Amino acid sequence: MKSAARAAALWAGTCAVAGSGILPAAAVERGTGAPPAGLVAALERTVADGFPGAVAYARRGERESRTAAGLADTATGERARPDHRFRIASNTKSFVSTVLLQLEGEGRLSLDDSVGTWLPGMVRGHGNDGRAVTVRQLLNHTSGIYDPTDEVEFSAPYLERGDRAHVYTPREVIARAVRHEPPFKPGRGWAYSNTNYLLAGLVIEAVTHRSAPSEIRRRILIPLGLKDTSFPVTDPDIHGPHLHGYDLDGRDVTRFSPSYGPGAERISARATDGGGPGFTSVSLTTADGERQLVLAFNVFDLGANPRKPRPVPYTEALDRAQTAVLCD
């Protein structure tokens, strides 16, 4: 997990794990199989370790389960349920990359196209040259383009001025990025940069002449029947039943502009995770596609500092949940 000062998401989506039903300790969706042994205990462990609530989806072959533990809302005492929505933050990046891969499959672009081909003049100055950066390098974070969300002042509108609805446009973030020299030449290093996926989204728009959110909806959300997944872009509210999100001091930070709230990094070839104000989530799939685990927790602290060096409570429950679902 990256610190809050180090990470930011492209756009923060929301998704639902779907279902209902309350048990004394944990909620399990009716009509699905029992959770794998150890998963419920792992979720309850996260609650004991400081997360108000957690939800999980697990699949082993054709067998699915959805479960939750803890609280969705600490103010009202509402229990977390498997149908509660949450912000997925940097997990949105996998949707963006999927659309670009589809466009390459359709022959409408090549991942080896330069960024300058599709966005002429946008990446320029202070040693930056979009003509030397490929779309592929955006997706795998080898572009060398600076990430301004590393800067403490980037979060100032939210943390210092309390403007939870503040919006950063993609072009504004990119303009801030190219004021800095690249930390390395394209293809000569690796560094997670949210600027990469802002540019990737704009490449989608340049190729299709439609907005990136609309292409994601048309190409992914509708075909897969993800009716409870949305791409809000700037709406600071989560609509429908949802987990409330909190910082490390227990403050409710659910209402927050989804333009580039903090995110996290890809952690393996088959796993992505993301953190945005109030929410942390992880999605893991085995290499053969037979097992899958999605977890969401309702704490992420944008203002983590030396006194609180990590943006989430420490817990070993994630490892336990992975073992319960993917390994046993």
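Which residues of helix α9 (residues 317-327) are buried? In this predicted model, with residues numbered from 1 along each chain as its sequence is written, local features need pLDDT of at least 70, side-chain atom pairs count only at pLDDT 80 or more, and totals for chains, interfaces and linings use all residues. Side-chain values use heavy atoms, with hydrogens and water left out.

The buried residues of α9 are Ala317, Ala321, Ala324, Val325 and Leu326. They lie on the same side of α9, because they cover an arc of only 160° around the axis. Here buried means under 20% relative accessible area and exposed means over 50%, with partly exposed in between (1.4 Å probe, protein chains only). The arc is that of the directions from the helix axis to the C-beta atoms. Helices (H or I, at least four residues) and strands (E, at least two) are DSSP runs, numbered from the N terminus. An α-helix has 3.6 residues a turn, so residues three or four places apart point the same way. On the face of α9 turned away from the buried side sit the exposed residues Asp319 and Cys327. The cover over the buried residues of α9 includes α1 (39-48), β3 (53-60), β11 (279-285) and β12 (291-297).

Val325 is placed in α9 and counts as buried because its relative accessibility is 0%. Leaving aside neighbours within four places in sequence, Val325 is in contact (heavy atoms within 4.5 Å) with Pro36, Leu39, Ala58, Arg59, Arg60, Arg291, Gln292 and Leu293.

Of its 328 residues, 55% are buried. Among the contacts with a separation of 6 or more, 70% are between residues 24 or more positions apart.

Several pairs of helices pack against each other. For these pairs, axes are lines fitted to C-alpha atoms, for helices over the stretch in contact, and angles run from 0 to 180 degrees between N-to-C directions. Angles under 35 degrees count as roughly parallel, over 145 as roughly antiparallel, 65 to 115 as roughly perpendicular and the rest as oblique.

Helix α2 (residues 92-105) and helix α8 (residues 212-221) have axes that come within 10 Å and cross at roughly 75°. The two helices are therefore roughly perpendicular. On the α2 side, Phe95, Val96, Thr98, Val99, Gln102 and Leu103 take part, and they meet Glu215, Ile216, Arg219, Ile220 and Leu221 in α8. This contact comprises 7 nonpolar, 2 polar and 2 charged residues. In this scheme Ala, Val, Leu, Ile, Met, Phe, Trp, Tyr, Cys and Pro count as nonpolar, Asp, Glu, Lys and Arg as charged, and the others, Gly among them, as polar.

Helix α2 also packs with α7, at an angle of about 40° and with the axes 10 Å apart. That angle makes α2 oblique to α7. Their crossing is left-handed, a term for a near helix turned anticlockwise from the far one by less than a right angle, whereas clockwise would be right-handed. Lys93, Val96, Ser97, Val99, Leu100 and Leu103 of α2 make the contact with Asn194, Tyr197, Ala200, Gly201, Val203, Ile204, Val207 and Thr208 of α7. By class, there are 9 nonpolar, 4 polar and 1 charged residues in this contact.

Val99 belongs to α2 and counts as buried because its relative accessibility is 0%. Beyond neighbours within four places in sequence, Val99 is in contact with Ile204, Glu215, Ile216, Arg219 and Ile220. Val99 and Glu215 are 116 residues apart along the chain, yet 7.4 Å separates their C-alpha atoms.

A further pair is formed by helix α6 (residues 170-177) and helix α7 (residues 194-208), whose axes come within 10 Å and cross at roughly 130°. These helices are therefore oblique to each other, and their crossing is left-handed. Pro170, Arg171, Val173, Ile174 and Ala177 of α6 make the contact with Thr195, Leu198, Leu199 and Leu202 of α7. It consists of 7 nonpolar, 1 polar and 1 charged residues.

Most residues other than glycine have a negative phi. His126, in the loop between β7 (124-125) and β8 (128-129), has a positive phi of about 55°. His141, in the loop between α4 (135-139) and α5 (156-159), has a positive phi near 60°. His141 counts as buried because its relative accessibility is 7%.
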